[in-house]
Protein chains: 2
Amino acid sequence: MPFLDTSTAALVLGRADRLAACTEEPGRLTRRFATPALAQAGDLVCEWMRAAGMDARRDAIGNVIGRREPARGGSAGTVMLGSHLDTVVDAGRYDGMLGVLVALACVERLGDDLPFAVEVYAFADEEGVRYGTAYLGSSVVAGAFDPAALQRRDADGVTMADAIEAVGGEPGALAAARRDAADLLGYVEVHIEQGPMLEAEDLPVGVVTGIAGQTRAEVAFTGVAGHAGTVPMALRRDALVAAAGWIVAVEAQAGTTEGLVATVGELRVEPGASNVIPARAALSLDVRHLDDTAREAALAALRDRAEAIAAARGVAADWAEVQATPAVACSPALAGELEAAVEAAGVRIARLPSGAGHDAAVMSRLCDVAMLFVRCAGGISHNPAEAVTAGDVAVAIDVTSRLLDRLAHKHGR
Amino acid sequence: MPFLDTSTAALVLGRADRLAACTEEPGRLTRRFATPALAQAGDLVCEWMRAAGMDARRDAIGNVIGRREPARGGSAGTVMLGSHLDTVVDAGRYDGMLGVLVALACVERLGDDLPFAVEVYAFADEEGVRYGTAYLGSSVVAGAFDPAALQRRDADGVTMADAIEAVGGEPGALAAARRDAADLLGYVEVHIEQGPMLEAEDLPVGVVTGIAGQTRAEVAFTGVAGHAGTVPMALRRDALVAAAGWIVAVEAQAGTTEGLVATVGELRVEPGASNVIPARAALSLDVRHLDDTAREAALAALRDRAEAIAAARGVAADWAEVQATPAVACSPALAGELEAAVEAAGVRIARLPSGAGHDAAVMSRLCDVAMLFVRCAGGISHNPAEAVTAGDVAVAIDVTSRLLDRLAHKHGR
């Protein structure tokens, strides 16, 4: 194992602590899109970017962008690094921020002989908490922003357009804020794993093969309410028993396909009284796989199964697809360079899919993307207990620096 | 089929309509314990009792009691008839009231040669909606009232003692209000079935064999929350999948024992988000059977099953028994007389258990009890759609009148 720069890692963790103090709610970290707390975090990042010799600015939606020009005469293009600065409610301090801070730490350690420019992006919205639609920041950069979203309102009735203006953005200039793809060499995102696989493999980092496609559906079983004491079992049309049989089937279905995950996270029972046979059970389904065909096959099987269970019980099954996002493959070339950097850092190469969505998935519309996952304690995220070690962060900084170094050689340093 | 007194049945239905107008909420029937709406309904019943030649009064908790003395020289004791006047929220107009009104109709048709007194009870609380504890009215009459309940508060913070006083009752006199058992020949309650069995058998009435014992339990499965996209199936400890497997097992267990009903009516999932693996699934269990041993065996099997499912999945199962009520058998002698009355009325005898609790279960502490169920449309109750036909009500009046006639003969008329 080569020498690891744990003092830079400690600096990264200290900065994550400082960012965590930028919050909408005292006592816990909540930093939604276009809030003063996010602006405050962005100001800190701008300050650190400038201290690292970068030109720092905000674009029309409030993404913070730092740019370091190539060495004199360099014209190989631009490498983009980054992640997001917004958080969920009652968040941890690394989901998103770690990628921005590791990128910044790499820029601080760069030699001055790079043939390409380096840009660091701190996206203004990835989690989608405030407006129920995610990846606002990277969508603007990738030219994928849907202007209809500007009329969405948050829980307080504030439109997205007004929210953007209130923090100094320009809702009318979003289309023009897209990044020109012509000179881009790729986008590389460092992110906590948000899962347990690196911990299970005892590895500090892993290379992401792609970002799973995802389907969200709402499934409802509708039977007939009845008195829990007076309706014999044979005459019941119990919506919850139907739903329960199907939930068991969802798990079994996921078990038939390597890499498939399927989750029922929400379930509401109506009328929901201990002495009333459930008339309705409405639940959420979340299915993800790196291969869209496998995901779609699983969905079709689960839909058939819901209908078969419902038919056998004399209840109705309703199925509504809420959202479907295709899988995104990381660029084999760029991920290959990242793997080589991992190996050079003395770490066994682990390839793993990302079950969670990331800005990299949106950025793949613009250019090649690669992602490096960093082990997080217990696989826990979206939780104040989110934790990384300085040692693992040092590996991430080392690997990302080596990647930039490899790219510099490749592009004629 | 003998002549049926459908005009009296129509009178009963008309009175049910008038009682339904005594409500706490305009536009729907809600008449909880110790409310002005209940007092208003009780006033109507008192008026009808007096018109039928009864002495009418209220006891210390607000039960309305009508008494008709025996024929001169009669000293065979007292037959009690009745049911309750309180309702659930957004109730139907027959659950409870039908038993009071059929009793009243029978008294109006009685000859003047009965060797026993007849008392009609209109209990002030059976549903337990306001104070979360049921059978308050019959508990006072049976001497089973728990004085600690007087300190319970309703949703507005009003104690039961204050509520009783506010409608003219005497909370301090409840113990003394118990009915002396010495002269009682029995308590007979007419009630809508609240289930589908008479409808399935195409019968207007049925004789209740007993009131099922009931256990309510709260069962919780506790696993580990996780990201729906990043935690592979093999590493999950999903509380909802465990609960779902158990819900399926609850239904299967009920299927192994004739007459057993087992219901999961409530289920709450935490944290309850579509993209989060459930950490906790808390549910209600309601198990009923006419045989306490069968009910207890089913509960033990279900508890073992919950623990086995939990152990196999690395989740925890917690079990809390909330309430256990033993079964009550109707008096074979009194139910036998009722069966004979049904047969004499030209109706095939159907014997069925009551899965719902009734005042008769509490009154069984005081004297012999019997119950006559009346078919209700679709088995629906606790719902404005509750419905009975005039024809079925006429049969119930006929049968109950025949029962009183048989008892009069038996007691030396």
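**Close-ups of a predicted model**

**View 1. Gly172(A), a loop residue.** At 80% relative accessibility, Gly172(A) counts as exposed (exposed is over 50% relative accessible area, buried under 20%, partly exposed in between, with a 1.4 Å probe and protein chains only). Look for Gly172(A) in the loop between α5 (160-166) and β5 (184-192) of chain A; helices (H or I, at least four residues) and strands (E, at least two) are DSSP runs, numbered from the N terminus. Pro147(A) sits 25 residues away in sequence, with 9.0 Å between the two C-alphas.

This is a predicted model, where local features need pLDDT of at least 70, side-chain atom pairs count only at pLDDT 80 or more, and totals for chains, interfaces and linings use all residues. Residues are numbered from 1 along each chain as its sequence is written, chains are lettered from A and ligands numbered from 1 in the order in which they are written, and side-chain values use heavy atoms, leaving out hydrogens and water.

**View 2. Phe123(A) meets Tyr187(A).** Over all chains, the structure holds ten aromatic pairs (Phe, Tyr and Trp rings, the six-membered one for Trp, with centres within 6.5 Å; planes under 30 degrees apart are stacked, over 60 edge-to-face, the rest tilted). Here the ring centres of Phe123(A) and Tyr187(A) are 6.1 Å apart with planes at 55°, so the pair is tilted. It links strand β4 (residues 117-123) to strand β5 of chain A, 64 residues apart. Phe123(A) is buried at 0%, and Tyr187(A) is buried at 0% too.

**View 3. Trp246(A) and Trp319(A).** Their ring centres lie 6.2 Å apart and their planes at 85°, so this pair is edge-to-face. Both Trp246(A) and Trp319(A) are buried.
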